[in-house]
Amino acid sequence: AALDFAIDHRIPHGGWCPHGRKAEDSTIASRYKLQETTTSGYVQRTGWNVRDSDGTVVFSVAAELTGGSKKTVFLAHKHGKPVLRISRDGSPTSPDQALLHFIQENNIKVLNIAGPRASKETGVSDFVKLVLRNALLSQQP
């Protein structure tokens, strides 16, 4: 969702994907400007995206994180990188303002956006796009 948002709004994007451009349902399209890691696993991709960013925001629908999203938060702490959790069914009450504050407070130039797959949390894609639109596009002149 975040990559599609970036492309749709001509926002530069990048990052890492598993070797072979492995995705849950097929392969990752070339329109996404991602570099391949050396392994086909998701842990290396997640770690490198955390490592190579200034901070990470983890979106979810559910208030509690599981799986790779939980691992992302762990890796952010391990790398000493700021991390923000935004949950549709949890907190914060104003997610777009929380995201803007996080970016400004931590001087984020490269933001890693993470979260569960849409197949695991229905509605997460729409939630991500809504928060990004409200936070980022409201700042444009």
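**View A. F127 is buried, with a relative accessibility of 8%.** Like everything shown here, this residue is seen in a predicted model. Helix α5 has F127 among its buried residues, together with V124, V128, V131, L132 and A135. Looking down the axis of α5, you would find these buried residues within an arc of 125°, so they line one face of the helix. The cover over them includes α1 (2-8), β3, β4 (83-87), α4 (95-105) and β5 (111-114).

View B. Distant parts of the chain are linked here: W16 belongs to strand β1 (residues 16-17) and W48 to helix α2 (residues 42-51), 32 residues apart. W16 is buried, at a relative accessible area of 15%.

**View C. F59 and F127 also form an edge-to-face aromatic pair.** Their centres are 5.9 Å apart, and the planes make an angle of 80°. This pair, too, joins distant parts of the chain, as F59 sits in strand β3 (residues 55-60) and F127 in helix α5 (residues 124-136), 68 residues apart. Is F59 buried or exposed? With 0% relative accessibility, F59 counts as buried.

**View D. R117 lies over the face of Y42.** Look for R117 at 4.8 Å from the centre of the Y42 ring.

Notes. Residues numbered from 1 in each chain as written. Predicted model: local features only at pLDDT ≥ 70, side-chain atom pairs only at ≥ 80, totals over all residues. Heavy atoms only, no water. Helix = DSSP H or I, 4+ residues; strand = E, 2+ residues; numbered from the N terminus. Buried < 20%, exposed > 50% of the residue type's maximum accessible area, 1.4 Å probe, protein only. Phe/Tyr/Trp six-rings, centres within 6.5 Å; stacked < 30°, edge-to-face > 60°. Lys NZ or Arg CZ within 6 Å of the ring centre and 35° of its normal. Arc of directions from axis to C-beta. Contact = heavy atoms within 4.5 Å.
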